[in-house]
Amino acid sequence: MRRVGFTTTIPLEVLIAAGVVPIDLNNVFITHHDSASLIEDAELTGFPRNVCAWIKGIYGAVVQSGVTELIAVTEGDCSYTKALMEVLSLNGVRVYPFAYPAGREAAPLKAEIEKLMGQFGVDWDQVGQAKKRLERIRTKIHEIDRLSWQEDKVTGEENHYFQVCTSDMNGDPDAFEAEVDAFLATATARPPRQERLRLAFLGVPPIISGLYSFLEEVGARVVFNETQRQFSMPYGMEDLVEQYRAYSYPYDIFHRLADISREIEKRRVDGVIHYVQSFCFRQIEDMVLRKSIKLPILTLEGDKPGAIDARTKIRVEGFLELLEDRD
(Lines give C-alpha, C1' and ligand atoms only; values in the text may rest on other atoms or scores of the structure.)
Protein backbone atom coordinates (compact mmCIF):
# COMPACT_ATOMS: atom_id res chain seq x y z
CA MET A 1 0.00 0.00 0.00
CA ARG A 2 1.13 3.56 -0.75
CA ARG A 3 2.90 5.14 2.25
CA VAL A 4 3.15 8.90 2.76
CA GLY A 5 5.28 10.49 5.48
CA PHE A 6 4.92 13.95 6.97
CA THR A 7 7.04 16.22 9.17
CA THR A 8 4.33 17.38 11.58
CA THR A 9 0.56 17.19 11.91
CA ILE A 10 -1.21 17.88 8.61
CA PRO A 11 -4.91 17.49 7.63
CA LEU A 12 -4.88 13.73 8.15
CA GLU A 13 -8.37 13.45 6.69
CA VAL A 14 -6.93 13.95 3.20
CA LEU A 15 -4.58 10.97 3.47
CA ILE A 16 -7.25 8.74 5.02
CA ALA A 17 -9.64 9.70 2.20
CA ALA A 18 -6.93 8.82 -0.34
CA GLY A 19 -6.50 5.35 1.17
CA VAL A 20 -2.77 5.75 1.82
CA VAL A 21 -0.83 4.81 4.95
CA PRO A 22 -0.04 8.00 6.89
CA ILE A 23 3.34 8.07 8.64
CA ASP A 24 4.27 10.73 11.18
CA LEU A 25 8.05 10.64 10.80
CA ASN A 26 8.53 12.10 14.29
CA ASN A 27 6.94 8.95 15.70
CA VAL A 28 9.08 6.72 13.48
CA PHE A 29 12.19 8.52 14.71
CA ILE A 30 11.46 8.56 18.43
CA THR A 31 10.22 4.95 18.61
CA HIS A 32 13.14 3.57 16.57
CA HIS A 33 15.12 0.95 18.49
CA ASP A 34 18.26 3.08 18.03
CA SER A 35 17.02 6.61 17.42
CA ALA A 36 20.45 8.09 18.13
CA SER A 37 21.81 6.22 15.10
CA LEU A 38 19.36 8.08 12.84
CA ILE A 39 20.86 11.37 14.01
CA GLU A 40 24.38 10.06 13.47
CA ASP A 41 23.46 8.97 9.93
CA ALA A 42 22.18 12.47 9.19
CA GLU A 43 25.35 14.09 10.57
CA LEU A 44 27.51 11.73 8.51
CA THR A 45 25.51 12.84 5.47
CA GLY A 46 26.40 16.45 6.23
CA PHE A 47 23.77 17.82 8.61
CA PRO A 48 25.40 20.26 11.09
CA ARG A 49 25.70 19.25 14.74
CA ASN A 50 23.92 22.43 15.84
CA VAL A 51 20.70 21.61 13.96
CA CYS A 52 17.67 20.35 15.91
CA ALA A 53 17.85 16.60 16.51
CA TRP A 54 14.26 16.14 15.34
CA ILE A 55 15.10 17.34 11.83
CA LYS A 56 18.08 15.01 11.66
CA GLY A 57 15.98 12.20 13.09
CA ILE A 58 13.26 12.76 10.49
CA TYR A 59 15.87 12.64 7.72
CA GLY A 60 17.22 9.36 9.09
CA ALA A 61 13.68 7.99 9.46
CA VAL A 62 12.89 8.75 5.81
CA VAL A 63 16.06 7.04 4.63
CA GLN A 64 15.65 3.95 6.82
CA SER A 65 11.90 3.52 6.34
CA GLY A 66 12.06 3.82 2.57
CA VAL A 67 9.36 6.49 2.41
CA THR A 68 9.33 7.97 -1.11
CA GLU A 69 6.58 10.59 -0.63
CA LEU A 70 6.64 13.32 1.99
CA ILE A 71 4.37 16.18 3.04
CA ALA A 72 6.65 18.90 4.43
CA VAL A 73 5.06 21.63 6.57
CA THR A 74 6.96 24.69 5.40
CA GLU A 75 5.09 27.30 7.49
CA GLY A 76 3.94 26.76 11.05
CA ASP A 77 6.63 24.33 12.15
CA CYS A 78 10.40 23.99 12.19
CA SER A 79 12.28 26.65 10.23
CA TYR A 80 14.71 23.97 8.98
CA THR A 81 11.98 22.06 7.12
CA LYS A 82 12.51 23.84 3.80
CA ALA A 83 16.17 22.80 3.72
CA LEU A 84 15.23 19.25 4.72
CA MET A 85 12.72 19.21 1.88
CA GLU A 86 15.41 20.22 -0.60
CA VAL A 87 17.86 17.56 0.58
CA LEU A 88 15.23 14.82 0.40
CA SER A 89 14.13 15.97 -3.06
CA LEU A 90 17.72 15.48 -4.25
CA ASN A 91 17.52 11.95 -2.84
CA GLY A 92 14.51 11.12 -5.01
CA VAL A 93 11.76 11.70 -2.44
CA ARG A 94 8.64 13.33 -3.87
CA VAL A 95 7.81 16.27 -1.60
CA TYR A 96 4.50 18.07 -1.22
CA PRO A 97 4.76 21.40 0.64
CA PHE A 98 1.98 22.42 3.03
CA ALA A 99 1.78 25.78 4.80
CA TYR A 100 -0.34 26.93 7.73
CA PRO A 101 -1.05 30.66 7.18
CA ALA A 102 0.66 32.77 9.84
CA GLY A 103 -2.43 34.89 10.40
CA ARG A 104 -4.80 31.88 10.69
CA GLU A 105 -6.91 33.20 7.79
CA ALA A 106 -9.56 30.74 6.57
CA ALA A 107 -9.22 31.36 2.83
CA PRO A 108 -5.49 30.58 2.43
CA LEU A 109 -5.80 27.58 4.78
CA LYS A 110 -8.68 26.21 2.72
CA ALA A 111 -6.60 26.74 -0.42
CA GLU A 112 -3.70 24.77 1.08
CA ILE A 113 -6.02 21.91 2.04
CA GLU A 114 -7.59 21.87 -1.42
CA LYS A 115 -4.14 21.85 -3.03
CA LEU A 116 -3.28 18.80 -0.92
CA MET A 117 -6.59 17.18 -1.89
CA GLY A 118 -5.78 17.74 -5.54
CA GLN A 119 -2.35 16.15 -5.15
CA PHE A 120 -3.96 13.03 -3.64
CA GLY A 121 -7.01 12.94 -5.92
CA VAL A 122 -9.81 13.31 -3.36
CA ASP A 123 -12.80 15.65 -3.04
CA TRP A 124 -14.59 17.29 -0.11
CA ASP A 125 -17.18 14.49 0.18
CA GLN A 126 -14.44 11.87 0.58
CA VAL A 127 -12.57 14.06 3.05
CA GLY A 128 -15.79 14.60 5.02
CA GLN A 129 -16.31 10.84 5.32
CA ALA A 130 -12.71 10.41 6.49
CA LYS A 131 -13.25 13.14 9.07
CA LYS A 132 -16.25 11.27 10.51
CA ARG A 133 -14.13 8.12 10.73
CA LEU A 134 -11.33 9.93 12.55
CA GLU A 135 -13.69 11.80 14.87
CA ARG A 136 -14.92 8.50 16.26
CA ILE A 137 -11.37 7.69 17.37
CA ARG A 138 -10.57 11.22 18.51
CA THR A 139 -13.65 11.25 20.76
CA LYS A 140 -12.26 8.19 22.54
CA ILE A 141 -8.87 9.87 22.93
CA HIS A 142 -10.62 12.86 24.50
CA GLU A 143 -12.16 10.45 27.00
CA ILE A 144 -8.68 9.14 27.87
CA ASP A 145 -7.62 12.75 28.41
CA ARG A 146 -10.66 13.39 30.64
CA LEU A 147 -9.85 10.30 32.69
CA SER A 148 -6.35 11.70 33.25
CA TRP A 149 -7.38 15.02 34.80
CA GLN A 150 -10.97 14.63 35.98
CA GLU A 151 -10.97 11.10 37.36
CA ASP A 152 -7.20 10.65 37.89
CA LYS A 153 -7.17 7.18 36.33
CA VAL A 154 -4.65 7.71 33.52
CA THR A 155 -0.95 8.50 33.85
CA GLY A 156 0.70 11.45 32.15
CA GLU A 157 2.68 9.13 29.87
CA GLU A 158 -0.37 7.08 28.84
CA ASN A 159 -2.19 10.29 27.96
CA HIS A 160 0.89 11.53 26.10
CA TYR A 161 1.14 8.31 24.09
CA PHE A 162 -2.44 8.10 22.89
CA GLN A 163 -2.65 11.78 22.03
CA VAL A 164 0.64 11.72 20.08
CA CYS A 165 -0.55 8.70 18.12
CA THR A 166 -3.54 10.64 16.76
CA SER A 167 -1.20 12.51 14.43
CA ASP A 168 -1.18 9.44 12.14
CA MET A 169 -3.36 6.92 14.00
CA ASN A 170 -0.27 4.68 14.05
CA GLY A 171 -0.72 4.27 10.30
CA ASP A 172 -3.79 2.06 10.77
CA PRO A 173 -6.97 3.65 12.20
CA ASP A 174 -8.74 0.33 12.74
CA ALA A 175 -5.89 -1.26 14.70
CA PHE A 176 -5.33 1.93 16.67
CA GLU A 177 -9.01 2.18 17.59
CA ALA A 178 -8.93 -1.40 18.87
CA GLU A 179 -5.91 -0.49 21.04
CA VAL A 180 -7.75 2.57 22.36
CA ASP A 181 -10.88 0.53 23.15
CA ALA A 182 -8.85 -2.04 25.08
CA PHE A 183 -7.08 0.66 27.06
CA LEU A 184 -10.32 2.46 27.94
CA ALA A 185 -11.88 -0.76 29.18
CA THR A 186 -8.95 -1.18 31.58
CA ALA A 187 -8.50 2.44 32.60
CA THR A 188 -12.12 3.13 33.51
CA ALA A 189 -12.00 0.31 36.07
CA ARG A 190 -8.94 1.65 37.88
CA PRO A 191 -9.01 3.37 41.26
CA PRO A 192 -8.04 7.08 41.26
CA ARG A 193 -4.31 7.84 41.44
CA GLN A 194 -2.93 9.68 44.46
CA GLU A 195 -0.11 11.97 43.26
CA ARG A 196 0.00 15.16 45.34
CA LEU A 197 0.92 17.63 42.60
CA ARG A 198 -0.75 18.30 39.25
CA LEU A 199 1.42 19.55 36.39
CA ALA A 200 1.02 20.97 32.92
CA PHE A 201 3.48 19.96 30.22
CA LEU A 202 3.87 22.74 27.65
CA GLY A 203 5.91 22.75 24.46
CA VAL A 204 6.82 20.06 21.98
CA PRO A 205 6.70 16.40 23.04
CA PRO A 206 9.96 15.49 24.81
CA ILE A 207 12.85 13.80 23.09
CA ILE A 208 14.01 12.43 26.46
CA SER A 209 12.41 9.31 27.93
CA GLY A 210 11.43 8.49 31.50
CA LEU A 211 10.32 12.00 32.45
CA TYR A 212 6.67 11.15 33.10
CA SER A 213 7.40 8.05 35.15
CA PHE A 214 10.01 9.91 37.21
CA LEU A 215 7.51 12.66 38.00
CA GLU A 216 5.09 10.06 39.31
CA GLU A 217 7.80 8.41 41.38
CA VAL A 218 8.33 11.69 43.22
CA GLY A 219 4.66 12.53 43.76
CA ALA A 220 3.57 14.56 40.71
CA ARG A 221 1.60 13.80 37.58
CA VAL A 222 1.07 15.58 34.26
CA VAL A 223 -2.66 16.26 33.79
CA PHE A 224 -2.28 18.52 30.74
CA ASN A 225 -0.15 17.67 27.72
CA GLU A 226 -0.51 20.83 25.67
CA THR A 227 0.81 20.04 22.19
CA GLN A 228 -0.07 16.35 22.31
CA ARG A 229 -3.69 17.25 23.07
CA GLN A 230 -3.73 19.56 20.06
CA PHE A 231 -2.82 16.62 17.80
CA SER A 232 -6.14 15.02 18.80
CA MET A 233 -8.17 18.00 17.50
CA PRO A 234 -9.89 18.58 20.86
CA TYR A 235 -12.60 21.07 19.91
CA GLY A 236 -15.03 18.83 18.01
CA MET A 237 -15.54 21.19 15.08
CA GLU A 238 -17.57 20.02 12.09
CA ASP A 239 -15.89 22.32 9.57
CA LEU A 240 -12.47 20.99 8.57
CA VAL A 241 -10.97 24.40 7.84
CA GLU A 242 -12.12 25.74 11.21
CA GLN A 243 -10.71 22.63 12.88
CA TYR A 244 -7.24 23.40 11.56
CA ARG A 245 -7.61 27.10 12.34
CA ALA A 246 -8.37 26.23 15.97
CA TYR A 247 -5.42 23.79 16.10
CA SER A 248 -2.92 25.90 18.02
CA TYR A 249 0.53 24.38 17.36
CA PRO A 250 1.36 26.03 13.98
CA TYR A 251 0.32 29.51 15.01
CA ASP A 252 1.60 32.28 17.26
CA ILE A 253 2.20 31.88 20.98
CA PHE A 254 -0.75 34.13 21.87
CA HIS A 255 -3.20 31.78 20.15
CA ARG A 256 -1.68 28.93 22.13
CA LEU A 257 -1.86 30.89 25.38
CA ALA A 258 -5.64 31.20 25.23
CA ASP A 259 -5.95 27.39 25.22
CA ILE A 260 -3.20 26.94 27.81
CA SER A 261 -4.72 29.39 30.29
CA ARG A 262 -8.16 27.85 29.99
CA GLU A 263 -6.93 24.28 30.48
CA ILE A 264 -4.58 25.10 33.36
CA GLU A 265 -7.46 26.56 35.33
CA LYS A 266 -9.90 23.79 34.47
CA ARG A 267 -7.44 21.03 35.35
CA ARG A 268 -6.36 22.62 38.67
CA VAL A 269 -2.69 22.69 37.76
CA ASP A 270 -0.11 23.45 40.49
CA GLY A 271 2.94 24.06 38.29
CA VAL A 272 4.18 24.06 34.72
CA ILE A 273 6.99 22.22 32.95
CA HIS A 274 7.96 23.93 29.71
CA TYR A 275 9.95 21.58 27.52
CA VAL A 276 12.13 23.14 24.82
CA GLN A 277 14.32 21.53 22.19
CA SER A 278 17.94 22.55 21.68
CA PHE A 279 18.53 24.75 18.62
CA CYS A 280 14.79 25.39 18.19
CA PHE A 281 13.32 28.86 17.68
CA ARG A 282 10.50 27.96 20.08
CA GLN A 283 12.94 28.32 22.98
CA ILE A 284 12.42 32.07 22.68
CA GLU A 285 8.73 31.60 23.50
CA ASP A 286 9.74 30.69 27.05
CA MET A 287 10.02 34.42 27.80
CA VAL A 288 6.42 34.99 26.74
CA LEU A 289 5.11 32.04 28.73
CA ARG A 290 6.87 33.22 31.88
CA LYS A 291 5.33 36.68 31.58
CA SER A 292 1.86 35.33 30.82
CA ILE A 293 1.39 32.36 33.16
CA LYS A 294 1.01 33.07 36.86
CA LEU A 295 2.24 29.69 38.06
CA PRO A 296 5.77 28.46 38.80
CA ILE A 297 7.47 27.27 35.60
CA LEU A 298 10.39 24.87 35.21
CA THR A 299 12.01 25.00 31.77
CA LEU A 300 13.68 21.79 30.64
CA GLU A 301 15.84 21.57 27.53
CA GLY A 302 16.45 18.39 25.60
CA ASP A 303 18.92 17.73 22.81
CA LYS A 304 19.20 14.10 21.69
CA PRO A 305 17.19 10.96 22.54
CA GLY A 306 18.05 9.30 25.83
CA ALA A 307 16.87 8.65 29.36
CA ILE A 308 16.29 11.51 31.78
CA ASP A 309 19.65 12.39 33.34
CA ALA A 310 20.65 12.99 36.96
CA ARG A 311 20.87 16.78 36.60
CA THR A 312 17.34 16.99 35.21
CA LYS A 313 16.07 14.78 38.02
CA ILE A 314 17.63 17.08 40.62
CA ARG A 315 16.08 20.14 38.97
CA VAL A 316 12.66 18.46 38.86
CA GLU A 317 12.86 17.45 42.52
CA GLY A 318 13.80 21.00 43.50
CA PHE A 319 10.88 22.38 41.50
CA LEU A 320 8.42 19.99 43.14
CA GLU A 321 9.72 20.96 46.58
CA LEU A 322 9.01 24.59 45.68
CA LEU A 323 5.44 23.65 44.73
CA GLU A 324 4.98 21.73 47.97
CA ASP A 325 6.15 24.74 49.98
CA ARG A 326 3.57 26.96 48.27
CA ASP A 327 0.66 24.81 49.46
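Helix α5 (residues 81-90) lies across β3 and β4, running at about 155° to β3. Helices (H or I, at least four residues) and strands (E, at least two) are DSSP runs numbered from the N terminus, and contact means heavy atoms within 4.5 Å. Axes are lines fitted to C-alpha atoms, for helices over the stretch in contact, with angles from 0 to 180 degrees between N-to-C directions. The model is predicted, with local features requiring pLDDT of at least 70 and side-chain atom pairs counted only at pLDDT 80 or more, while totals for chains, interfaces and linings use all residues. Residues are numbered from 1 along each chain as its sequence is written, and side-chain values use heavy atoms, with hydrogens and water left out.

The open sheet has 4 strands in the order β2-β1-β3-β4, with parallel pairing; two strands pair if DSSP finds at least two bridges between them. Strands β2 (21-24) and β4 (94-99) form the edges, each pairing on one side only. On average, neighbouring strands of this sheet are turned by 25° against each other, direction ignored. Strand β1 (residues 3-6) pairs with strand β3 (residues 69-75) in the parallel sense over 2 bridges, and Gly 5 has Leu 70 as its bridge partner in β3.

Helices α8 (residues 156-165) and α9 (residues 173-187) pack at an angle of about 155°, their axes 11 Å apart. The two helices, α8 and α9, are therefore roughly antiparallel to each other, a term applied to angles over 145 degrees. Glu 158, Tyr 161, Phe 162 and Cys 165 of α8 make the contact with Phe 176, Glu 179, Val 180 and Phe 183 of α9.

Notes: Angles under 35 degrees count as roughly parallel, over 145 as roughly antiparallel, 65 to 115 as roughly perpendicular and the rest as oblique.
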